[in-house]
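This briefing concerns one protein chain and its surface. Please consult the sequence and the model shown here.

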Amino acid sequence: MQRQGSSIAKIKSNYVEQYEKQMKREQRKKRRLMKRLILSAIVMVVISGSLFWYHMSQRATYADKLNEHEKLLEEKETLQHEKEKLVEEVNLLKDDDYILEIARTNYFLSKEGELIFQLDDDDSLSY
């Protein structure tokens, strides 16, 4: 059994040669087009991957900065409360009666004619 294609002879004419050249050119164009499309797809995948990675790293950075911001806001609030207390204490320390009361309480200073007794707080002495 012979193949049918081997018994057919090709016609050698200018038209056939031009047609074969044209077909080879089109095949080369298709190959080049496929190579360019594949290269473009690879470049796009690399670019979109790097953009995705950059976006995710920025989101992580943003989350860290947001946490830091919340902590700093809390610290600011506590410092403002502390400042208010200190300002109140400064205002109280400008008052002479308050200073005298602190001196009497903490340092056992007395007014004229006043006696101060210091008692032990031990409950073991009581019956």
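The points below cover the fold, the aromatic pair and the surface patches.

This is a predicted model, in which local features need pLDDT of at least 70 and side-chain atom pairs count only at pLDDT 80 or more, while totals for chains, interfaces and linings use all residues. Residues are numbered from 1 along each chain as its sequence is written, and side-chain values use heavy atoms, with hydrogens and water left out.

**Fold and exposure**
- The protein chain has 2 helices and 0 strands (DSSP runs numbered from the N terminus: H or I of at least four residues for helices, E of at least two for strands).
- Of the 127 residues in the protein chain, 1% are buried (under 20% relative accessible area; exposed is over 50% and partly exposed in between, with a 1.4 Å probe and protein chains only).

**Aromatic pair**
- The structure contains 1 aromatic pair (ring centres of Phe, Tyr or Trp, the latter by its six-membered ring, within 6.5 Å; planes under 30 degrees apart are stacked, over 60 edge-to-face and the rest tilted).
- The ring centres of Tyr15 and Tyr19 are 6.4 Å apart with planes at 20°, so the pair is stacked.
- Both tyrosines belong to helix α1 (residues 14-93), 4 residues apart, or about one turn of the helix.
- Tyr15 is exposed at 61% relative accessibility, whereas Tyr19 is partly exposed at 43%.

**Surface patches**
- Patch residues have over 30% relative accessible area and no salt bridge, with like charges joined within 9 Å and nonpolar side chains within 5 Å; a salt bridge places a side-chain nitrogen of Lys or Arg within 4 Å of a carboxyl oxygen of Asp or Glu.
- A positive patch includes Lys10, Lys12, Lys21 and Arg36; Lys and Arg count as positive.
- Lys10 lies in the segment before α1 and is exposed at 69% relative accessibility.
- A nonpolar surface patch of Leu33, Met34, Leu37, Ile38, Ile42 and Val46 has about 570 Å² of accessible area together.
- Leu33 is located in helix α1 and is partly exposed, at 40% relative accessible area.

How values were computed: Accessible areas come from the Shrake-Rupley method with a 1.4 Å probe; for residues, only the protein chains shown count as cover. The place of a charge is taken as NZ of Lys, CZ of Arg, CG of Asp or CD of Glu.
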